[in-house]
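Hi there,

Here is the structure I promised to pass along. Please have it open while you read, as my notes follow below.

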Amino acid sequence: MAIESVSVWFKIYCLVVMTVVAATYTVVLRYTRTISTELYFSTTAVCIAEIIKLVLSLGMLVRETGDVGRCKAALVHHIFGSPKELLKLSIPSVVYAIQNNMAFVALSNLDAAVYQVTYQLKIPCTALCTVLMLSRSLSRLQWFSVFMLCGGVTLVQWTPPESTKVQMEQNPLVGFMAIAVAVLCSGFAGVYFEKVLKSSDTSLWVRNIQMYLSGIAVTFLGVIVTDGAKVMEKGVFYGYTPWVCLVIFLASVGGLYTSVVVKYTDNIMKGFSAAAAIVLSTVASVTLFGLQITTTFMSGSMLVCISIYLYGLPKQDTSKASTSSADNVNKQKGSAV
């Protein structure tokens, strides 16, 4: 997909917003799962976020089509008239629902900075899914950066830093397993959704609506199965605070905003954003949760940041180089004759 030409300031704006959203979401979610006295139901938060995403996507579809009538016609055609397409998009919606719930489990047991670094394992997972599902190839530098990233995450998890201001009982193993599941879900769902998008000319917002409709059904079922009795007793919004509302808002807007970032920026900008989010999360964790930085954590984080940058570097066009070298050889032969 070609990147549209926009000003440098707009790219910087995209970079700043993406970084702030990623770092703030992680830190605030960690705060709501470890500091709050009345713990809210994470399943309801995930379900409400899906509803907000659906409403926002409907608004964007109305803007894209030009009026409510055209929007309604598009919905009737693609939603009610295409049950197979709706079923096709239910697959990533289920996977994303699992991923979002795993984020709550992981941040209930791991510090925000550790989570932010470890979650970058989604890059090699996405790369592997891209090779297998989209038949694309990776350069040697990208494969090298993938192994470097895995090494960095291993260092971070080798002796995870402790948070002195968090009094709740935590299980780092459970947190790491939750991240592992989230990473696998992120890689598969992202590549699957990309494959569906490129298989037709259907609008991105229509595809989002198809996915979020299934997502709402799946997450609502998760509320009933996991916390049904407690929700009936205490209410859907039990334990909700302004910080919890901020988490839901960031989860809703962050996913939609990613499409804007992908459209107007490149992999290098996204790499810088991920690295900056790690730095911000680390600073916030030291301040809010009393995170004790270790040498292995710092070394692993630096390796992860460098690997993200290397992975995002554009591939060299070897075809032009080989063509030019062939021309030079022909010229030399011609001059020799």
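First, a definition: a salt bridge here is a side-chain nitrogen of Lys or Arg within 4 Å of a carboxyl oxygen of Asp or Glu. Please keep in mind that this is a predicted model, where local features need pLDDT of at least 70 and side-chain atom pairs count only at pLDDT 80 or more, while totals for chains, interfaces and linings use all residues. Residues are numbered from 1 along each chain as its sequence is written, and side-chain values use heavy atoms, with hydrogens and water left out.

**Salt bridges**

Side chains of opposite charge can pair when their charged atoms come close. By the rule above, the count comes to five salt bridges. For burial I use relative accessible area: buried is under 20%, exposed is over 50%, and partly exposed is in between (1.4 Å probe, protein chains only). Aspartate 67 is partly exposed because its relative accessibility is 32%, whereas arginine 70, at 54%, counts as exposed.

Arginine 207 and glutamate 85 also meet through their side chains, at 2.7 Å from N to O. Helices, by the way, are DSSP runs (H or I, at least four residues), numbered from the N terminus. Arginine 207 is buried, with a relative accessible area of 2%, and glutamate 85 is partly exposed at 22%. A network of salt bridges links Glu85, Arg207 and Lys88.

Then there is the salt bridge between the side chains of arginine 136 and glutamate 194, at 2.6 Å from N to O. This pair links distant parts of the chain, 58 residues apart: arginine 136 is in the loop between helix 6 (122–134) and helix 7 (140–158), and glutamate 194 is in helix 8 (residues 172–198). Arginine 136 is partly exposed, at 37% relative accessibility, and so is glutamate 194, at 22%.

Although serine 135 is not a glycine, it has a positive phi of about 55°. Its relative accessible area of 65% makes serine 135 exposed.

At the start of helix 8, a side-chain oxygen of asparagine 171 comes to within 3.1 Å of the backbone nitrogen of leucine 173. As for length, the expected span of a helix is 1.5 Å times one less than its number of residues. The 27 residues of helix 8 should therefore span 39 Å, and the end C-alpha atoms are 39 Å apart, which agrees.

**A buried serine and an exposed valine**

Which residues does serine 214 touch, leaving aside its neighbours within four places in sequence? They are Leu86, Ser90 and Ser93, where contact means heavy atoms within 4.5 Å. Serine 214 sits in helix 9 (residues 204–234) and counts as buried, at 11% relative accessibility.

Valine 8, by contrast, counts as exposed at 59% relative accessibility, and lies in helix 1 (residues 8–34).

Happy to go through any of this with you.

Best wishes

How values were computed:
Helix = DSSP H or I, 4+ residues; strand = E, 2+ residues; numbered from the N terminus. Polar contact = N/O pair within 3.5 Å; in protein donor to acceptor, adjacent residues only side chain to side chain.
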